[in-house]
Amino acid sequence: MRFSAAFLAASAALVHAGVFTQQNYDDISISGGVAGNAEQEALAVFSALDTNNLASADEDDINFLDSVNSICNDAEKQAFNPAIEAASGEEADALQRAKIKNKVLKLEATMLRLMIEQAQGEDVADEIAAEQKKLNNNIQQDEDEAGNASTFLSFDATTE
């Protein structure tokens, strides 16, 4: 049986096309609901990634994780911060809890990207340590508010 070079190239492209698809921020946002489970909610967003074989992740996966980080940053600056500033009392508190959940999503994406890079031979140990510290802080803040309302904010952005 003979295979053409084009067939082989197309097959290779299918195998290494990344596991994530383009998503709207609102579809991956974990900001709504209640506080307390942000880590699990964020990891569920990235569940298509084989964390037992991070070295197999490709550039599309890394780009997706980078874009999650980027749109979460944008949502924080353009949606959460202004909404929190305009609110008071429990409304502001619920928005702050949502912002923390958004940060957990952003930082989980960053950690997964760094773990992929490390699995592929890059020296990112210092970055991992710094980002893990931030992630742990935000997870703790989320857990401290467990069961309290968290306000979903819609934001118009799309991943790569």
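Buried residues make up 41% of the 160 residues in the protein, where buried means under 20% relative accessible area, exposed means over 50% and partly exposed lies in between, using a 1.4 Å probe and protein chains only. This is a predicted model, in which local features need pLDDT of at least 70, side-chain atom pairs count only at pLDDT 80 or more, and totals for chains, interfaces and linings use all residues. Residues are numbered from 1 along each chain as its sequence is written, and side-chain values use heavy atoms, with hydrogens and water left out.

**Overall layout**

- There are six helices and two strands in the protein; helices (H or I, at least four residues) and strands (E, at least two) are DSSP runs, numbered from the N terminus.
- Along the sequence, the pattern reads α-α-β-α-α-α-α-β.
- Of the contacts between residues at least 6 apart in sequence, 82% join residues at least 24 apart; contact means heavy atoms within 4.5 Å.

**Helix α5 itself**

- Gly-121 follows α5 and has a positive phi, near 100 degrees.
- Lys-99 lies in α5 and, at 12% relative accessibility, counts as buried.
- Leaving aside neighbours within four places in sequence, Lys-99 is in contact with Glu-76, Phe-80, Asn-81 and Ile-84.

**α5 with α6**

- Helix α5 (residues 89–119) and helix α6 (residues 125–144) pack at an angle of about 155 degrees, their axes 9 Å apart; axes are lines fitted to C-alpha atoms, for helices over the stretch in contact, and angles run from 0 to 180 degrees between N-to-C directions.
- α5 and α6 are therefore roughly antiparallel to each other (angles under 35 degrees count as roughly parallel, over 145 as roughly antiparallel, 65 to 115 as roughly perpendicular and the rest as oblique).
- Their crossing is left-handed, a term used if the near helix is turned anticlockwise from the far one by less than a right angle, with right-handed used if clockwise.
- Residues making the contact include Ile-100, Val-104, Leu-107 and Met-111 of α5, and Ile-128, Leu-135 and Ile-139 of α6.
- By class, the α5 and α6 contact has 10 nonpolar, five polar and seven charged residues; Ala, Val, Leu, Ile, Met, Phe, Trp, Tyr, Cys and Pro count as nonpolar, Asp, Glu, Lys and Arg as charged, and the others, Gly among them, as polar.

**α5 with α4**

- Helix α4 (residues 59–86) packs with α5 at about 165 degrees, with axes 9 Å apart, and the two are therefore roughly antiparallel.
- α4 passes α5 in a left-handed crossing, and their contact has 15 nonpolar, six polar and seven charged residues.
- Ser-67 sits in α4 and is buried, with a relative accessible area of 5%.
- The C-alpha atoms of Ser-67 and Ala-109 are separated by 8.8 Å, although these residues are 42 apart along the chain.

**α5 with α3**

- Helix α3 (residues 38–45) and α5 pack at about 45 degrees, with axes 9 Å apart, which makes α3 oblique to α5.
- The crossing of α3 and α5 is right-handed.
- By class, this contact has six nonpolar, no polar and four charged residues.
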